[in-house]
Amino acid sequence: MPAARPRLLYVTDLAYEARGRRYCDEDIFLTSRLRARFDLALGHPLDAAALMDGFDAVVVRNSGPVLGHQQEYDAFRARALATGARVYNPLTGKADMAGKQYLLDLSAAGFPVIPTVGRAEDLHRLPAAERYVVKPMLGADSLGLRIVPAGQVAGLAAGQVLIQPCVDFVHEVSFYFIDDDFQYALYAPDPERRWELQPYAATAADLEFARRFIDWNDLGHGIQRVDACRTRDGDLLLVELEDLNPYLSLEALPERARDAFVTAFTASLSRFVHGALSPA
């Protein structure tokens with residue numbers, strides 16, 4: 001049974017450098033607030049498997065791209081699943097947590113995602129475009145992403161890659177959820193400045209779009225970020241569903257909204273640790 005004050009191992013890489021963001025600031029802020037409710041220790045992702053047994057739950061936050069420590073992450077997952085450890089987010093995610101296959105699956109199923117294929121013989125299924133995006137199936141943080149002219153794309157359609165038309169969009173917008181509850185939305189008015197974000201007033205249609213992917217993933221518990229782009233026609237298309245360790249861009253929120261997020265996050269973790277839901 002969890003202790004009166006649950007013990008959390010908060011997994012983060014405070015030294016990870018991301019373009020346009022300071023991950024460490026976000027985790028320093030969040031852990032400073034979570035300590036009011038939990039006994040909490042920070043651990044590097046490379047140490048998580050060795051440390052996790054001493055805690056009531058493991059919270060995976062800004063741990064950096066898994067590609068940088070794939071073997072250690074696989075060992076962490078295997079140990080957590082074998083021991084029944086509570087991991088937040090639960091290890092059942094079907095989106096980025098499991099790679100990029102979901103973009104192929106959702107595209108084939110007719111979901112509103114950027115059209116995506118993974119093989120040269122399927123290129124005819126994509127809309128004609130002057131440029132295409134080619135990215136690794138297991139990519140993260142734009143690692144390995146290339147934008148190439150149409151004449152070169154067939155030669156790159158080999159191995160574990162995703163291919164998409166280069167969409168001319170108005171802006172990118174992200175919707176943030178805790179459990180199944182919408183928290184806030186942020187957008188980048190300038191497409192060239194992805195991480196210069198501002199609060200965004202989501203419409204009912206926007207939230208209906210975002211919830212389709214939250215419902216599809218059926219994670220039940222944890223933090224998810226639905227990233228989308230707004231096309232010139234006004235439609236939203238999914239860019240990414242981040243269900244492993246989404247950066248939250250809390251610094252772009254007014255203080256009241258940050259406080260509301262912390263309150264919701266704390267309540268979600270409390271329910272999770274005390275067994276309101278089954279462990280991962």
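A salt bridge here is a side-chain nitrogen of Lys or Arg within 4 Å of a carboxyl oxygen of Asp or Glu. With that in hand, Asp96, Lys100, Glu172, Arg194, Arg225, Asp227 and Glu240 are linked in a network of salt bridges. Please keep in mind that this is a predicted model, in which local features need pLDDT of at least 70 and side-chain atom pairs count only at pLDDT 80 or more, while totals for chains, interfaces and linings use all residues. Residues are numbered from 1 along each chain as its sequence is written, and side-chain values use heavy atoms, with hydrogens and water left out.

**View 1. Salt bridges between parts of the chain.** Searching the whole structure gives 19 salt bridges. In one of them, Arg232 pairs with Asp168, and the closest N and O atoms are 3.2 Å apart. This pair links distant parts of the chain, 64 residues apart: Arg232 is in the loop between E11 and E12, and Asp168 is in the loop between strand E7 (161-165) and E8. Helices (H or I, at least four residues) and strands (E, at least two) are DSSP runs, numbered from the N terminus. For burial, the cut-offs are under 20% relative accessible area for buried, over 50% for exposed, and partly exposed in between (1.4 Å probe, protein chains only). Arg232 counts as exposed at 55% relative accessibility, and Asp168 counts as exposed at 52%.

View 2. Asp179 forms a salt bridge with Arg271, with 2.6 Å between the closest N and O atoms. Here too the pair links distant parts of the chain, with Asp179 in the loop between E8 and E9 and Arg271 in helix H7 (residues 255-273), 92 residues apart. Are the two partners buried or exposed? Asp179 counts as buried at 6% relative accessibility, whereas Arg271, at 38%, counts as partly exposed. Arg193 forms a salt bridge with Asp190, the closest N and O atoms being 3.6 Å apart. Arg193 is partly exposed at 46% relative accessibility, and Asp190 is partly exposed at 32%.

**View 3. Helix H6 and what covers it.** Helix H6 (residues 204-217) has 14 residues and should span 20 Å at 1.5 Å a residue, which agrees with the 20 Å between its end C-alpha atoms. The expected span is 1.5 Å times one less than the number of residues in the helix. Which residues of H6 are buried? They are Asp206, Leu207, Phe209, Ala210, Phe213, Ile214 and Asn217. Their cover includes helix H4 (101-108) and strands E8 (169-178), E9 (181-188), E11 (223-231) and E12 (236-242). Just after H6, Asp218 takes a positive phi of about 55°.

**View 4. Aromatic rings.** Rings of Phe, Tyr and Trp (its six-membered ring) pair if their centres lie within 6.5 Å; planes under 30 degrees apart count as stacked, over 60 as edge-to-face, and the rest as tilted. By this rule, the whole structure holds 15 aromatic pairs. Phe175 and Tyr200 have ring centres 6.5 Å apart and planes at 80°, so the pair is edge-to-face. Phe175 lies in strand E8 and Tyr200 in the loop between strand E10 (198-199) and H6, so the pair ties together parts that are 25 residues apart in sequence. Phe175 is buried, at 0% relative accessible area, and Tyr200 counts as buried at 17%. Elsewhere, Tyr88, Tyr176, Tyr184, Phe261, Phe265 and Phe272 form one aromatic cluster.

**View 5. Charges over rings.** A charge sits over a ring if NZ of Lys or CZ of Arg is within 6 Å of the ring centre and within 35 degrees of the ring normal. The charged end of Arg7 sits over the ring of Phe55, 5.1 Å from its centre. Likewise, the charged end of Arg212 sits over the ring of Phe111, at 4.7 Å from the centre.

View 6. His171 is found in strand E8 and counts as buried at 11% relative accessibility. Leaving aside neighbours within four places in sequence, His171 is in contact (heavy atoms within 4.5 Å) with Tyr187, Ala188, Pro189, Tyr200, Ala228, Cys229 and Arg230. Cys229 counts as buried at 1% relative accessibility. With a disulfide taken as a pair of cysteine sulfur atoms within 2.5 Å, the count comes to 0 disulfides.
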